[in-house]
Amino acid sequence: MPNRTTAKLATFLVAGLIPLTLPTAAADAAPAKHGDDFNGDGYRDYAYASFSAKGGGGVSVVFGTATGPGTTRQRITQSSTGVPGTDEADDMFGEVRAAADFDGDGYGDLAVAANGENGSHGADQGAVTILWGSASGLSTGTTLPNKNPGSHNYMGKDLATGDFNGDGKQDLAVINGAVTAVYRGPIKRSGTTGTVTKLDKTSSFYSSALIAGNVNGDSKTDLAIIGDVTGRDYVASDVWFIKGGTSSLTPGNTLRLESQSGEGSGGERGGDGVIADFDKDGYGDIAVGTSIYSKQQGRVSVWYGASAGPSRTTRLTQASSGVAGSPENYDHFGSDVSAGDVNGDGYADLAVGVRDEAIDGKDNAGGVHVFKGRASGLSGTGSQWFARNTPGVPGPLRANDQFGGLVRLRDTNGDGKADLYVSAVGDLRLPGSASGITTMGATDYSDVPIDGLLE
């Protein structure tokens with residue numbers, strides 16, 4: 001899943017930075033188990049966007065331990081040794097990131113976009129840098145070749161990783177202008193890659209977000225491209241299914257996410273999403289939050305996987321049976337979504353942020369729904385609702401908290417149950433349990449902004 005950020009300044013990262021050194025790749029190393037295990041110690045790490053002295057952006061890393069985030073930290077900007085480019089204002093280096101072991105040396109690597117980077121083809125051409133993993137963390141970088149250069153293309157507007165041709169090597173999908181380019185792995189420190197495929201649907205479809213996962217149950221990763229659509233008398237958003245394959249990527253069906261008549265603003269109308277197996281049938285299901293739907297009440301579309309590609313569809317809103325609350329204009333239901341198994345039953349569950357829900361007269365207080373996976377798929381039955389006024393949730397209910405602006409489901413303590421991480425004024429963690437998400441043991445968790453937790 002993409003990692004857009006609400007950039008936060010983590011002042012504790014000013015000291016104790018890890019030096020950047022160039023490691024020697026181990027011969028015949030096995031690929032990293034976790035793409036975001038940057039130092040190869042077996043624990044997932046946390047990379048998130050941070051500020052730089054000149055305003056070009058940066059990436060901060062908190063290294064994982066057996067019990068979650070540790071105390072060892074690292075920070076990288078385009079001024080760091082061995083990292084290409086220059087730290088310049090508005091580069092947005094680190095705002096979008098994706099992790100995988102691109103060179104197969106046993107260390108997770110991090111693809112980092114700087115989609116505001118200027119280049120020889122004009123302003124905001126964009127760029128993507130691979131930061132290489134090592135025993136001491138991320139070190140040095142390599143610029144990914146730009147296969148669709150142009151001004152205001154914002155290369156790296158979104159990124160997604162996966163093994164799209166099933167050869168055991170990690171590939172990288174990159175939005176570059178209206179086009180999505182898929183770079184086959186391995187991606188080398190020299191800058192060489194495998195073949196590059198460009199996916200361009202129509203002149204009226206503008207890619208805005210990428211989701212990778214296994215939808216049809218074979219050994220290849222599939223890709224879902226979310227995009228804005230413009231017509232003569234309407235604007236809309238679609239999700240376009242791309243089937244992975246040994247020799248080629250095959251364009252498939254398209255699902256309309258939302259539409260409005262007349263002229264309207266574009267720009268990520270369809271939001272973002274995840275791929276997970278909510279009905280445990282062996283096929284990944286595509287869930288996309290569309291917070292702009294119906295005067296920004298919001299909706300989540302679930303497109304269920306099958307051997308021939310995605311098929312049946314479920315739509316979730318706050319009007320769905322069993323769902324707490326009611327749909328209201330500007331609630332932004334689906335402002336963020338995340339998948340994980342919160343109760344350990346083998347079904348993926350879905351967390352849905354409603355960042356601008358008004359509660360007890362507090363505008364934009366926000367909340368989070370958790371929908372439970374089951375054999376019939378996702379529905380409002382048994383869903384959970386959490387907000388600041390939920391007993392056991394830390395912190396006061398207040399206006400403009402936007403509780404749920406970002407949500408992540410991730411098992412950070414290895415108990416087999418995903419915990420719910422929620423952004424607000426001070427991030428927090430609600431543990432998973434056999435009965436679902438619980439407030440027992442809820443803790444403020446502001447040292448690591450939750451946008452650093454990859455799906």
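Biologist: Why is Ser423 called buried?

Modeller: This is a predicted model, and within it Ser423 has a relative accessible area of 7%. Buried means under 20%, so Ser423, at 7%, is called buried.

Biologist: Where does Ser423 lie, and what does its side chain reach?

Modeller: Ser423 belongs to the loop between strand S25 (419-422) and strand S26 (428-430). Its side chain reaches the backbone nitrogen of Leu406 at 2.8 Å, and because a polar contact requires N or O atoms within 3.5 Å, that distance lies inside the limit. The C-alpha atom of Ser423 is also separated by 9.4 Å from that of Arg355, a residue 68 positions away along the chain.

Biologist: What makes Arg410 and Asp36 a salt bridge?

Modeller: Side chains of opposite charge can pair when their charged atoms come close. For Arg410 and Asp36 the closest N and O atoms are 3.8 Å apart, and since the criterion is a distance within 4 Å, the pair is counted as a salt bridge. The two residues come from distant parts of the chain, with Arg410 in strand S24 (residues 407-410) and Asp36 in the segment before strand S1 (46-50), 374 residues apart. Both Arg410 and Asp36 are buried. The structure holds twelve salt bridges.

Biologist: Which salt bridges does Asp401 form, with Arg388 and with Arg398, and at what distances?

Modeller: With Arg388, the closest N and O atoms are 2.7 Å apart; with Arg398, the N to O distance is 4.0 Å. Arg388 and Asp401 both sit in the loop between S23 and S24, 13 residues apart.

Biologist: How do you know whether Asp401 and Arg398 are buried or partly exposed?

Modeller: Asp401 has 3% relative accessibility, and because this is under 20%, Asp401 counts as buried. Arg398 has 29%, which falls between the 20% and 50% limits, so Arg398 counts as partly exposed. As for shared partners, salt bridges join Asp36, Arg44 and Arg410 into one network.

Biologist: Why do Asp90 and Lys295 count as exposed?

Modeller: Exposed means over 50%, so Asp90, at 58% relative accessibility, qualifies, and Lys295, with a relative accessible area of 62%, therefore qualifies as well. Asp90 is found in the loop between strand S3 (68-77) and strand S4 (93-100), whereas Lys295 is placed in helix H1 (residues 293-296). Neither is a glycine, yet Asp90 has a positive phi of about 70 degrees and Lys295 one of about 55 degrees.

Biologist: What makes the bond between Gly185 and Pro186 a cis peptide bond?

Modeller: Its omega is about 0 degrees. Pro186 itself lies in the loop between strand S10 (179-183) and strand S11 (196-199).

Note on methods. Residues are numbered from 1 along each chain as its sequence is written. This is a predicted model: local features need pLDDT of at least 70, side-chain atom pairs count only at pLDDT 80 or more; totals for chains, interfaces and linings use all residues. Side-chain values use heavy atoms; hydrogens and water are left out. Helices (H or I, at least four residues) and strands (E, at least two) are DSSP runs, numbered from the N terminus. Buried means under 20% relative accessible area, exposed over 50%, partly exposed in between (1.4 Å probe, protein chains only). A polar contact is a pair of N or O atoms within 3.5 Å; within protein, one must be able to donate a hydrogen and the other to accept it, and residues adjacent in sequence count only if both atoms are side-chain atoms. A salt bridge is a side-chain nitrogen of Lys or Arg within 4 Å of a carboxyl oxygen of Asp or Glu.
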